[in-house]
Amino acid sequence: MILTVVVILAAVVALIVALAATKPDSFRVERSTSINTTPDKIFPLINDFHRWPAWSPWEKLDPDMRKSFGGPPTGVGSSYEWEGNSKAGKGRMEITASTPTKINLNLDFIKPFKANNFTEFSMVPAGDSTDLTWSLYGPSPFITKLMMVFTTMDKMVGKDFDEGITNLKREAEKSTPA
């Protein structure tokens, strides 16, 4: 009986490892929306970490989250570090590229797990509105591939992206007269 259980468990573990090995070496989560304003109204909301509490879905995960800012107040080299409860975790973001229509960030998670990812905000003028795309992408090390046997990155953070892009749209359109 015990031998049967051990064999079954070994087979299940082997199957999970085999499935994980078939997962992609990288991931990408992306959301897009049209915002009824110009890129210059959206840009400062993203380019200044001090303004993220107005729209970021993660800011409310821990009201006691410790935050610190480094580098210049906005733009390239500006950084934001946080440490909070188990939902908020611990990490650091830094703006690595900043133009009027694109902002790139390095996003490093420390807790609950280590990960080095990239974020991009792209703003494409479309008449009186702007097409905004928010992307998160990065490598999928083996531990991530194991997780992907049971879920996807989109299922893990897609809902947060939906909320964040909706909040960002609301904030940007507030500053634009109807």
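Buried here means under 20% relative accessible area, exposed over 50% and partly exposed in between, with a 1.4 Å probe and protein chains only. This is a predicted model, in which local features need pLDDT of at least 70, side-chain atom pairs count only at pLDDT 80 or more, and totals for chains, interfaces and linings use all residues. Residues are numbered from 1 along each chain as its sequence is written, and side-chain values use heavy atoms, leaving out hydrogens and water.

View A. Helices (H or I, at least four residues) and strands (E, at least two) are DSSP runs, numbered from the N terminus. H4 covers residues 153-174 and reaches 31 Å from its first C-alpha to its last, close to the 32 Å expected at 1.5 Å a residue; the expected span is 1.5 Å times one less than the number of residues. Look for Phe-161, Ile-165 and Leu-168, which are among the buried residues of H4. The buried residues pack against S1, H2, S6, S7 and H3.

**View B. Asn-117 in strand S6.** Asn-117 sits in S6 and counts as buried because its relative accessible area is 5%. Setting aside neighbours within four places in sequence, its contacts (heavy atoms within 4.5 Å) include Phe-27, Leu-107 and Tyr-137.

View C. Strands pair if DSSP finds at least two bridges between them. S2 (residues 66-70) and S3 (residues 79-83) are antiparallel partners over five bridges, with Phe-69 bridged to Tyr-80. S3 also pairs with S4 (residues 90-99) in the antiparallel sense over five bridges, and here Trp-82 stands opposite Gly-91.
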